[in-house]
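Here are a few exercises to work through with the viewer open. Try each one yourself before reading on.

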Amino acid sequence: MKTSPSWVRYTVERRIEIHHSELLKNVKKQQTQDWYDSWLKPSYWLVPILGAVVIYFFLFLIPLTTGTYSHDFKDFVNAVDQRTGNLATISGMSLAVIAFLVSNLAIKEPYAYQLLFRKTKLYAVIIYVLSVLGLFVFVSTVHYLYTPGKIYEAFTVTAGFEFLTVIFLIGFLFIKIINFIDPEKIDEMMNAELVRAGSVIIYEGLIRKYSLQEFERVMAQQGIKIYNFGSYIDSNWLKASMRIMNGGEVAEIEKKQKYIVDIDLIGLAHYLDANKKKGQKYTPLYIGLQTEESGDYIFVPGISNTAGISKALKKFTIMDSKIEEVIPVSKLRDHFDERLLTYAETGKEKELIRLLKGFTSLFEQQLKYNSEGSFDLTENFIPVLRLGIQAAVKKRNFSCFKELFKFYAGLSFTSLIASNINIFMQVVAFYPENYALLKVKGAEAGYQEFIPFTLDSTEQLELLLYKIGELKKEKGDKANELDQFSYNAYYQFGMLLFYMVSSKDYPRFKQAIGLLEHRNTHSTYRRHTLFGIKAWLIHLRKHEKNSSSETSDLLEQIPVRYNSATEAMEDIFEFRRGFMVQYMAWLTWRFPEYLYSGEFSISNPYEWLTFGFMVEHIRDFNLSPYYNGPKMLSSDQITFLVNDLINAKTFFLNNFHEWSTILKTPTPEIMATKADQAIRVFQLLNARLQREELDSIAGTAINVNQVMKYREIISRSWKQQAHIINQFERSGRKLPSTNNNGLSFIGNKVFIGNIKQFFLPNKSESDLYLLSTIGQEAGKLADNAFYETILDDPEIFEEGSLVSIVENAIIFLRDSGYHPDCILVPSSMLYLDESFTHDARYMYDRIPIAEKPIANSAGKFDGIPIFYTYSDAMDRQIIIAEFAKAFVMEYESQKGWFDKFLNIDVKSITYEEARNKAEAESPFMLHPDELDIQAKNIQNGLNTITGITAKFAISDKDAFRVCRLVT
C-alpha cells in the first residue's frame, strides 16, 4: 500500500479523515481489535508460548547483568519450587473460578461466548500461564544439571518477575469476565460491536465511492468517456456461445480474479498525456473492485490493447488475491435478528430495549452517512422487525410490542430528517399493516391492551405529515425535494383509512379524518387521499357492501377541499391517465370479503373514481366551464370520460330512490340537472380541445425529417408486397424507359384523412409504422398489374394435380429449348396438394424470412425456385417460365424518387382546397363555423402518392407456360 498522494487510497483516506473523523475512530478501534484477534486466535497457540519465552529471557537479562547474590544455592532452588507450586495453585483456582463464571454468563448464547473469548483473550492468557508454568518447571528441573552459579540465580529472580505478569493477566481476566455477569454490560458490548461493524462497512463503502469519483475525475480531465456495453458492435460477439457453468468452474474463475487495492492516478494521468488515442473509452475502477488482472480498463472499442499497452496500464494498479475480510457480517446480523425475535416472543422487554438501542445507533449512523457500500447492516431489518411485531402480538407480549412500535415511530422521523426515502417507505408501511394485524386479533381475548395502538398508527402518520409540512417551509424553494416523503405518508394514510372502512371501524375512521383535519393544511396528496376513500365508500355502496345511511354519514365527515374549480378537473384528468393505475395503491383495494381470504379480486380505479367524481359534483358542484389548466387528456380520452359520466347519470336515474340521500337531491329532475351540468362542462371543454387540436395540426407544416422516415418505411412495406419487382431485378429485366411511351402509373394517388398528425415535429418514427399498410396496398397493385398483363389472353393448359402441372410444363419448356428458372404459384394453392410438397423433387426453403434474398421464395421443385403470390389475378393459375426471356419491365426514372423509380410523397391541403372539398362533399349548406371545422378536419389529412410509372410486357410468349389446376 502506497502512502504518496499519487495513489488514490492515500487521497480518499485523507478525505475521510477530514470529513468523517468520528467514523474513523470506530474504524480504527475495529481494525485494532481485528489485529489482536488475528494474532491471538486459538489456532495461533504458538504465539503466547513464544511470548512467554521471550518475556522470560528479556527479564532474565536484568538480574544477569546487574545482580550479585550472596544467598545459598538451596535458597534459590526452594524459591523456584515454591513459586512453581504457588503458580500452579493460583492458576488452578483461578481457572476453576473462571470456568464457573463462564458457565454462568448472563446471556448464554454462542455469540456471547464468542465475544467473551475475544474480549478477554482467554485462550491466549491460559496458554501463556501454562507456558510460564512450564518454564518454572523447566528452571526447577535444570538445577540438577548445573553447579551453583550466577546464571541459575538470575533464572530464579526472573521467575519472580514472570510470576507477577501471570498475576496481572489473571486479574485482567477476572475484570473482563465479571463484565459478562451483567446482562446490560454484555448488551452494551454487543451493541458496540454492531456499530463498529457498521462503521467499517460504511468506511469501505466510502473508500469505494470516493476512489471511483477520483478515477472518473482523472478520466474526465483526460477527455476519456465511459464505455457503455452494448453501444458498440463487436464481431466476436457473433461467434460467442453460452452455457451454464458448474460450481467448480465458477470457483476457478473467482480464484483467478483479484481485488484492486490501490490505483496510481497521477502516474496514470502522465501516461495518458503521452499516449492518448482517439476514441479511447474506460471501464470504471475503484478500490475493492473484483476483476481480472489486466491492462484493458482503457481501450479503443473494437481494437485490442497490445501487450505493451496492457503491461504499462497494469503498473498503475495494485491487486491482491483476496480482499481484507472485515467481519462475518451475515453472522452478526443473524445473531441480532434471532435475539429480537426471541425477546419479542418471550416477552423480555428490558433485553429488547437494550437490543433496539443498538439498532437505533446503527440506523442513525447509516442515515448520517447515507453510504452505498457493498454491504449494509440495516438491510432487510424492517421485515425482521415486522416478524418481531407479529410474534409479540401473537404471544400477547404487550410491553415488547409497545417498544417495537416506539422504535418504528422513532425510525420514521429519523429517516425523514436524514432524507432517506428508502427506509422511510419501508417504515411508514408499518402503520396500516399494524392496524390490520391488530384488528384481526382484536376480537380475541387478551388483546384489549393492543387496540389503542390502532389509533396511535393514525396519530404517528399525522405527526409525520405535520413534520413534512414544517420541513417544506424551512426548505422554501427546495420544498419539492420532500414530495416523495409526502406522497408515501399520505399513501399509507389512505391505506389506513381503507382498512378501517373494510373492518367497519367507523368510530376510529372518523377520529382519523378528524386528526387530518386538525392541521387543516392544503395539499394535493391530502386531497387525493380523501377523495380516494370517499370514492371507495361510494363504490362499496354501489355494490351494496354498506348501507345508504352509513355511506351518507361517512361522506359528510370527509371534506375534500378545492382551492379552485381547476383543481377538481385536474384531479379527474390525473386519475384517468394510464400511469395512475398504481397511484395510492388504489388498484390493490378489494372488497372486505376478499381482503384476508387470499382470493384474487380487483376493482378498476378508473371506474370507481369516475363514478365517485360524479357523486361528488352532484352533491357539491365544484366545476367550471372555463377550464384553462394544463392539457392532461386528449379529446378522445375526454370523450370516454363524458360517456362514463353519462352512464353514471343513467344509473342514478334508474336507482334514484336508493341514492337520493347520498346525492343530496330531492327529485330525479334536480339530480339530472346537476349531472348534466357536470357533463356539459366536459363536453364544452372537449369541443374546445378538438377545435384547438384541429387548429394546431392544420396550422403546422409537415416535418421534412418525418417525410423522409415515412418514405423509408413505405418503401420497405411496398417491396414486401411487390414481389414481382424482385423477379425483374433478379433476372436483370427491370429497365429504365428511354422515352416513357406507354408507361402508366401503378399504385395509389389518394387523399387520406387524419394522418397529418404523424408528420408533425413532435412525433416519433414508431408512430409512422402505423401507416405501413399504405405501402403494402400499393405494392399489391404492382403484382396485380403484372399478372393482369400476362394473363390477358394466354394459352392455358389445364391439369388435375399440381405435380402434373409443374412436371409437364417443365418438360414442355425444356423440350422447346428453354431453361425454366421460376415457378409462380398463388399462396392459397401452394400447400393444398400434399402430393406436391411430398414429392421427392420438392425441396422446402429452410432459410429464415429475414435472410431470404427474395422474401416470397417457397423452396424448389426439380431445382427450379418456387415463388408464391397474393395477387387475385392468378386465381388457381400457375406460371412456369424462363423469366429473363419471357418478360420485360420498363419504368420511368426520376432522381427524387425512392431508388429512382418508386414515387412516395405526401402533400398538405391548403385551407382553400379543404374548404372547397368540404362544400363539395356536404349534401346541404353548412353554417360558416361548421364549414370551418369541416375544412380543418380535411386539412388534417394529406394527399399521398405511392407507386411506380411502368409497364410490363411479354418479350417471348414461348418462354413461359400458364396452367390452371382443375379440381
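A nonpolar core, as used here, is a set of buried Ala, Val, Leu, Ile, Met, Phe, Trp, Tyr and Cys residues joined through side-chain atoms within 4.5 Å. Keep in mind that this is a predicted model.

**Exercise 1. Find the residues with the most contacts inside the largest nonpolar core, then list what Phe573 touches.**

Step 1: the largest core holds 147 residues, and Phe509, Phe573, Phe652 and Phe682 have the most contacts inside it.
Step 2: helix 20, residues 483-502, is the biggest giver to this core, with 12 residues.
Step 3: skip the neighbours within four places in sequence, and phenylalanine 573 is in contact with Tyr627, Met632, Leu633, Leu641, Phe682 and Leu685.
Step 4: there's also a second, separate core of 70 residues, which includes Ile810, Leu813, Phe867 and Leu965.

**Exercise 2. Work out the strand order of the open sheet of 7 strands, and say which strands stand at its edges.**

Step 1: reading across, the order is 9-18-14-10-13-12-11, and the pairing is mixed.
Step 2: strand 9 (796-799) and strand 11 (842-843) have a single partner strand each, so one side of each is left without a neighbour in the sheet.
Step 3: zoom in on one pair: strand 12 (residues 857-861) and strand 13 (residues 864-869) run antiparallel, joined over 3 bridges. Phenylalanine 861 has isoleucine 864 of strand 13 as its bridge partner.

**Exercise 3. Is aspartate 932 buried or exposed, and which side chain does its own side chain make a polar contact with?**

Step 1: aspartate 932 sits in helix 38, residues 928-939.
Step 2: its relative accessible area is 13%, so aspartate 932 counts as buried, the cut-off being under 20%.
Step 3: the aspartate 932 side chain makes a polar contact with the side chain of tyrosine 911, at 2.7 Å.
Step 4: leaving out neighbours within four places in sequence, aspartate 932 is in contact with Arg691, Tyr911 and Arg915.

How values were computed:
Residues numbered from 1 in each chain as written. Predicted model: local features only at pLDDT ≥ 70, side-chain atom pairs only at ≥ 80, totals over all residues. Heavy atoms only, no water. Pairing = 2+ DSSP bridges. Helix = DSSP H or I, 4+ residues; strand = E, 2+ residues; numbered from the N terminus. Buried < 20%, exposed > 50% of the residue type's maximum accessible area, 1.4 Å probe, protein only. Contact = heavy atoms within 4.5 Å. Polar contact = N/O pair within 3.5 Å; in protein donor to acceptor, adjacent residues only side chain to side chain.
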